[in-house]
Amino acid sequence: MSDEIDIKSMPIDELLELMGEDLYDGYAEEVVEEVEELLSRDMTPYDVLTEGLVAGMDIVGVDFRDGILFVPEVLMAAKAMKAGMGILRPLLAETGAPKMGTMVIGTVKGDIHDIGKNLVAMMMEGAGFEVVNIGINNSVDDFMAAIEEHAPEIIGMSALLTTTMPYMRVVIESLKDEGIRDDLVVLVGGAPLNEAFADDIGADAYCRDAAVAVETAKKFMAERKQPVVGWLVVGWLGGWVVG
Ligand code: B1M
């Protein structure tokens, strides 16, 4: 525990290591203090997130897989991660970038994993997107209602279980049935997915992590805007030739 340790005099690499240990042990208060201390050392929110919280959570994941940690411990670690993310969230969103577009993102039906999805949401906000995070365990109807209410350009779906990932196809098929599939960019992510799966279910892209999700979303938004710009240029050139 970092109570007896003076984190202010600790070098950054040791502080990151300590934060990983506190995250592992589920010490939310300490993780928050360490996040704040790292930020005060001029580390960027993104680096604190990736080099600190995400790196720490990776170790939790491996030990959970190997039966060293169990559900209650993982939940404590997840809470500590969320506490740390609470500090970083507004900072990542504070870029002042113009709104790039709107994304509705949710974890699919049957699945309650939300850490990675929230991370994606945070990073997207940080990149200037308006994000409507509809939470966990979302049915087709939940996605449809959010699409109707918020008119997003992008839909993001997350699944962490091999048993819930097929539900993404159900959502995409419903978008087709409603005749709105081609109006939307559908991005999918989550540890058990891959590109082949995304192709197979008819998503636009698989995003390995939050950074890739941001890059991919930006790329699609740029492509969507291009035809409009193209027509404007054609119109302008036409006017120039005629006039
Ligand atoms: Co669960 N769990 N879990 N779990 N859990 C996994 C996923 C598992 C791989 C662990 C293991 O066995 N090694 C395994 C799945 C096995 C499988 O399906 N093949 C598993 C299991 C089995 C279960 C339960 C069934 C356990 C049980 O009850 N017996 C149960 C299922 C409950 C349910 O959903 N119905 C369960 C429960 C839980 C907790 C509640 C204890 C907790 C979740 C807490 C929470 O989310 N609030 C939990 C956790 C924490 C994990 C692990 C350890 C960590 C997941 C995580 O948060 N990773 C996980 C093991 C692992 O993944 N290594 C595991 C950190 C996060 C930053 O990464 O979520 O991958 P990730 O997100 C990344 C990318 O994937 C991507 O970007 C993110 C950021 O870079 N991404 C997207 C994710 N979503 C995206 C959406 C996008 C784009 C990118 O949209 C555009």
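α3 (45–65) gives the largest share of the lining of the largest pocket, with 11 residues. This is a predicted model, where local features need pLDDT of at least 70, side-chain atom pairs count only at pLDDT 80 or more, and totals for chains, interfaces and linings use all residues. Residues are numbered from 1 along each chain as its sequence is written, and side-chain values use heavy atoms, with hydrogens and water left out.

The largest pocket holds about 1,400 Å³ of space. It has 48 lining residues, and M57, H113, I115, G116 and L160 are the closest to its centre. Besides α3, elements giving two or more residues to this lining include α4, β1, α5, β5 (205–207) and α9 (210–242). (Helices, H or I of at least four residues, and strands, E of at least two, are DSSP runs numbered from the N terminus.) A pocket here is an open set of points on a 1 Å grid over the protein atoms alone, where a 1.4 Å probe fits, with protein on both sides within 12 Å along at least five of seven lines; lining residues have an atom within 4 Å of a point. The volume is the space filled by probe spheres set on the points, which are joined across faces, edges and corners.

The ligand sits in this pocket, meaning more than half of its atoms lie within 2 Å of the grid points. Around the ligand are 33 residues, with I112, H113, D114, S158 and T162 the closest; a residue counts if one of its heavy atoms lies within 4 Å.

H113 is in the loop between β1 and α5. Its NE2 is the only protein donor of the ligand's cobalt atom, at 2.2 Å (donors are N, O and S atoms within 2.8 Å of the metal, or 3.2 Å for Na, K and Ca).

| Protein atom | Ligand atom | Distance |
|---|---|---|
| H113, polar side-chain atom | nitrogen | 2.8 Å |
| A191, polar backbone atom | oxygen | 3.4 Å |
| A210, backbone N or O | oxygen | 3.1 Å |

Definitions and conventions: Polar contact = N/O pair within 3.5 Å; in protein donor to acceptor, adjacent residues only side chain to side chain.
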